[in-house]
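Welcome! Here is a short tour for someone meeting this structure for the first time. Please keep the view open as you read.

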Amino acid sequence: MISISGVEKYFDDYHALRDINVEVDRGKVVIVLGPSGSGKSTLCRTINRLETIDAGEIRIDGKRLPEEGKELAKLRADVGMVFQQFNLFAHKTILENVTLAPIKVRNQSKKDAEKRAMELLDRVGIANQANKYPAQLSGGQQQRVAIARALAMDPKVMLFDEPTSALDPEMVNEVLDVMVSLAKEGMTMVVVTHEMGFARKAGDRVLFMAEGAIVEDSDPETFFTNPSSDRAKDFLGKILGH
């Protein structure tokens with residue numbers, strides 16, 4: 001579903017991504033872990049070209065990521081993204097936030113878009129908030145709206161860039177629960193996160209990054225119980241306290 005080969009990225013002199021080669025199979029959940037500044041978010045953002053790359057190639061479902069223009073917009077519609085910040089339109093209701101893109105980009109009728117939006121809001125547990133505005137919702141609720149909004153485009157892939165890092169601790173699980181249910185339903189997902197429990201429970205694979213490179217690529221059980229690199233051991237020691 002996602003194929004990344006030989007990708008390099010620089011920010012001026014800073015080498016942010018170093019020779020990244022990854023294949024993500026359809027229906028798999030790939031968790032990206034690593035210390036701050038390791039390139040996790042940059043990698044996530046290159047997959048729908050929010051960040052350009054300096055070398056290499058990225059393909060989504062066999063199609064090369066276009067440079068710009070209509071083709072890029074079309075491809076982006078197939079790649080849902082959920083950020084740290086919820087990026088909801090403050091002046092639109094929750095329902096309007098979720099229906100906007102399907103109506104504008106997918107040319108759905110308002111009626112169809114609203115029906116689907118209500119199904120998705122129900123699925124993420126906030127159908128009763130449909131006529132409220134973002135400011136009237138908690139952070140966890142807003143992030144669940146952001147997930148519903150991304151799903152409303154029927155994406156082939158979902159990217160999550162630290163979706164719980166801006167939330168109060170008690171709201172984290174309500175968002176992770178939605179993500180776990182998506183994983184169980186077979187959504188192809190790339191998730192940058194600090195939530196180790198989620199990584200272990202929902203991930204099919206863990207990519208561990210350091211200094212712009214992928215240092216380890218293994219299944220969660222192996223990564224958490226027997227990491228092969230000193231960098232990963234050090235990282236896990238600090239996070240898990242052993």
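## A covered strand

Strand S3 (residues 29-33) is mostly covered, with five of its five residues buried. Buried means under 20% relative accessible area, exposed means over 50%, and partly exposed lies in between (1.4 Å probe, protein chains only). Helices (H or I, at least four residues) and strands (E, at least two) are DSSP runs, numbered from the N terminus. This is a predicted model, in which local features need pLDDT of at least 70 and side-chain atom pairs count only at pLDDT 80 or more, while totals for chains, interfaces and linings use all residues. Residues are numbered from 1 along each chain as its sequence is written, and side-chain values use heavy atoms, leaving out hydrogens and water.

Which residues point which way from S3? Val-29, Ile-31 and Leu-33 point one way, Val-30 and Val-32 point the other way, and all are buried.

## Neighbours of S3

S3 runs parallel to strand S8 (residues 188-192), joined by four bridges, and Ile-31 stands opposite Val-191 there. Strand S9 (residues 205-210) is also parallel to S3 and joined to it by four bridges; in S9, Ile-31 has Val-206 as its bridge partner. Two strands pair if DSSP finds at least two bridges between them.

## Aromatic rings

A search of the whole structure finds three aromatic pairs. Rings of Phe, Tyr and Trp (its six-membered ring) pair if their centres lie within 6.5 Å; planes under 30 degrees apart count as stacked, over 60 as edge-to-face and the rest as tilted. Phe-208 and Phe-223 form a tilted pair, 5.7 Å centre to centre with 35 degrees between the planes. This pair links distant parts of the chain, with Phe-208 in strand S9 and Phe-223 in helix H8 (residues 220-225), 15 residues apart.

The rings of Phe-223 and Phe-224 are edge-to-face, because their centres are 5.3 Å apart and their planes are at 80 degrees. Phe-223 counts as buried because its relative accessibility is 0%, and Phe-224 is buried with a relative accessible area of 6%. One aromatic cluster is formed by Phe-208, Phe-223, Phe-224 and Phe-235.

## A look at Ser-5

Is Ser-5 buried, exposed or partly exposed? Ser-5 counts as partly exposed because its relative accessibility is 31%. Ser-5 is found in strand S1 (residues 2-11). Leaving aside neighbours within four places in sequence, Ser-5 is in contact (heavy atoms within 4.5 Å) with Ile-20, Asn-21, Gly-56 and Glu-57.
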